[in-house]
Amino acid sequence: MTPAPHAPALELRNLCKTFTLPVRNGWRTSHFDHHAVKDVSLTLPRNAILGLVGESGSGKTTTGMMAMRLVEPSSGQILVDGTDITTMDHAALKPFRRKMQVVFQDSYSALDPMLTLGQIVAEPLHIHGVGTASEQNEQALAWLQRVGLDRSYGSRYPHELSGGQRQRVAIARALILRPTVLVADEPTSALDVSVKAQIINLLLDLQAEMGLSILFISHDLSVVRSLTDKVAVMFNGRVVEHAPTEAIFTDARHPYTRSLLDAIPVLNPRLRRTRTFLSRAELASSTPHLARADLSGPVTPGPMPQMVTVGTDHLVEAIVA
Amino acid sequence: MRLVEIENLSVSFAQAEGVVQAVRGLSLHVDAGESLGIVGESGSGKSVTCMAVLRLLREPPARIVADRLALAGTDMRRASKRDLSRIRGRVAAMIFQDPMTAFDPVFTIGHQIIETVRAHRPASKPEARSEAEALLQRVEIKNPASVLDSYPHQLSGGMLQRAMIAMALSCRPQILFADEPTTALDVTIQAQILQLIKDLQAELGMGLIMVTHDLGVVAETVDRVVVMYGGRVMEEGPVQDIFDSPAHPYTRALLHSMPGQTAGRQRLVEIPGASPNPAHPPTGCPFHPRCDQADAKCAAEAPAFAAIAPARHAACWRLQ
């Protein structure tokens with residue numbers, strides 16, 4: 001299980017997910033296919049933070065869950081350290097589970113209320129059989145300290161903590177196995193402003209210290225700007241733009257990305273403005289038409305939207321005339 | 001005319017563990033047509049303040065003490081049940097963060113808006129229905145008739161928030177209390193709802209109290225700002241002044257800790273520590289344990305809320 005040299009920490013190739021939902025029609029039940037994720041390809045390089053941005057229903061969480069094999073993809077491939085884990089069975093997958101951990105938005109439901117914080121943080125070591133019981137306990141306490149809680153918290157319970165403290169515990173539990181990939185699904189969305197900055201800083205420090213690769217899923221573009229190296233924007237189940245973070249903020253090409261940026265409240269009352277809004281239907285049909293001359297990479301001809309290169313590492317979904 | 005007058009308001013709750021002080025010595029006012037933002041983190045007392053003015057808190061366990069607590073000149077401390085139901089709706093209306101729980105799931109939107117309209121003035125059902133339809137149109141719902149016949153679970157969060165605004169406007173209130181109206185919504189929908197509230201406020205000449213934890217929302221929507229922390233007002237002033245030259249250390253720290261203000265991946269300026277526990281608030285200034293300028297005086301005695309410049313007030317020993 002030695003990682004292939006230069007393989008990215010995580011690679012998603014043409015991932016799709018279709019949920020088949022029952023539709024009641026009187027006494028009959030028919031089925032309706034909901035395409036939650038359509039042909040998503042993403043690369044999370046080593047030692048980097050990739051932001052996955054979109055609104056509710058865009059498919060960003062489903063994509064993150066598929067990357068962890070917590071939701072089975074309908075088609076496509078998931079590669080961890082260059083190894084295809086898409087169809088691995090439970091036993092074969094276990095060593096890879098150690099390398100990939102997740103932090104969720106709602107820290108309250110993510111922590112078992114019946115366990116002490118020490119037990120919660122030590123649980124991954126227990127599951128993977130790392131060390132003796134006393135070593136596991138000692139490591140858990142050390143991690144509680146590392147994420148900014150006192151060792152004495154080891155004997156306390158989740159309900160005694162604030163939201164920010166619970167999120168620290170969830171981060172300690174996720175990192176105690178020293179994973180290479182962390183999927184963080186809206187970890188700061190439920191937190192107060194002053195605590196949000198603390199958790200973002202903690203993630204940045206741990207990322208640098210451990211050389212982690214983080215897939216940071218969020219709808220909050222301000223947080224994404226401070227935290228990530230690259231951003232993929234999802235809309236209606238597809239990635240519509242993928243670029244280095246600053247290129248997204250200064251040179252967005254897709255109308256949907258622009259509408260997201262335009263919606264961020266500006267922290268200066270002098271810059272108040274009246275906004276005009278495109279409806280979702282208008283946005284859905286707003287794939288840009290680009291001339292070949294605008295593009296810097298190779299293109300295949302055809303009227304279907306495709307990801308085309310418009311700058312250094314900057315991809316946008318467009319129809320090429 | 002003063003629409004909202006609050007002087008020296010304190011709200012406490014009797015709990016099993018003891019008395020929790022949610023709001024301590026708060027004073028604020030809103031004039032007709034004016035918009036005020038109340039900013040604070042969870043537990044700062046911003047929502048409780050609004051609930052106390054509208055007398056929406058159950059007493060006991062809540063205990064409300066104030067030198068003055070009035071809406072459009074009516075003393076809310078002495079208001080009878082009849083006064084209250086006249087004031088709620090016609091003088092003041094409130095919209096909440098979670099529109100899903102604000103509507104009753106077993107009745108249609110139309111039923112609930114029509115009921116509200118008829119509770120406040122005599123109107124036949126068809127009259128009330130066409131009024132409801134006009135209201136939904138006013139909040140930019142494109143198919144009002146079908147929304148009236150929908151149940152809450154059939155609508156998106158943004159649509160429901162629009163419907164709740166329509167219901168709040170049904171009795172043409174003089175002031176609208178909006179408690180985190182966009183927190184549960186997507187960013188693009190948030191921008192649309194804020195724009196709608198601003199437009200309606202200007203058009204109807206309503207007063208507005210916007211309660212939020214988001215400084216961005218405040219910067220976009222209000223004329224004047226009150227910053228709360230630990231149940232007290234830390235600072236108050238015109239919105240532009242608060243953003244240009246925040247005076248209180250808490251306001252400054254809050255503004256500096258906002259992510260995404262500059263290009264590039266970087267650590268943020270964080271405020272160390274955690275918000276105070278309202279059951280055991282710190283002595284003196286509630287912010288002193290987290291303040292980088294605090295000294296022994298700050299820990300011993302709470303500073304008075306005093307004028308620091310024309311139209312500006314703050315509660316900080318460093319500014320007096």
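The legends below describe close-up views of a predicted model of a complex that includes chains A and B.

**View 1. Confidence of the predicted complex.** The predictor assigns the complex an ipTM of 0.83, together with a pTM of 0.88. For chain B the mean pLDDT is 89, and 100% of the residues of this chain reach 70 or more.

**View 2. The open, eight-stranded sheet of chain B.** The strands of this sheet follow the order S7-S8-S9-S3-S10-S11-S13-S12 in chain B, and their pairing is mixed. Strand S7 (92-95) and strand S12 (306-309) of chain B have a single partner strand each and stand at the edges, so that one side of each is left without a neighbour in the sheet. On average, and with direction ignored, neighbouring strands of this sheet are turned by 20° against each other. Within the sheet, strand S3 (residues 35-39) of chain B runs parallel to strand S10 (residues 224-229) of chain B, and four bridges join the two. B:Leu36 has B:Arg224 of S10(B) as its bridge partner.

View 3. In chain A the strand order is S2-S1-S4-S5, with antiparallel pairing. The edges are formed by strand S2 (28-44) and strand S5 (83-84) of chain A, each of which has a single partner strand, so one side of each is left without a neighbour in the sheet. Strand S4 (residues 75-80) of chain A is joined to S5(A) by two bridges, the two strands running antiparallel, and A:Val80 has A:Thr83 of S5(A) as its bridge partner. Helix H1 (residues 60-67) of chain A packs on this sheet, where it touches strand S1 (10-25), S2 and S4 of chain A, and the direction of the helix makes about 120° with that of S1(A).

**View 4. Packing of helices H4 and H6 in chain A.** Helix H4 (residues 117-127) and helix H6 (residues 163-175) of chain A pack at an angle of about 30°, and their axes are 7 Å apart. Because angles under 35 degrees count as roughly parallel, H4(A) is described as roughly parallel to H6(A). H4(A) contributes A:Leu117, A:Ile120, A:Val121, A:Glu123 and A:Pro124 to the contact, while H6(A) contributes A:Val169, A:Ala172 and A:Arg173. By class, six residues of this contact are nonpolar, none is polar and two are charged.

**View 5. The side of chain B that touches chain A.** Here 36 residues of chain B are in contact with 37 residues of chain A. Helix H8 (187-204), helix H9 (215-221) and helix H10 (239-244) of chain B each supply at least two residues of this side of chain B, and H8(B) gives the most, with six residues. By class, the side of chain B that touches chain A has 15 nonpolar, 14 polar and seven charged residues.

Key. Residues numbered from 1 in each chain as written. Chains lettered and ligands numbered in written order. Predicted model: local features only at pLDDT ≥ 70, side-chain atom pairs only at ≥ 80, totals over all residues. Pairing = 2+ DSSP bridges. Axes fitted to C-alpha atoms, helices over the stretch in contact; angles between N-to-C directions. Parallel < 35°, antiparallel > 145°, perpendicular 65-115°, else oblique. Contact = placed C-beta atoms within 7 Å. Nonpolar A, V, L, I, M, F, W, Y, C, P; charged D, E, K, R; others polar. pLDDT = per-residue confidence, 0-100.
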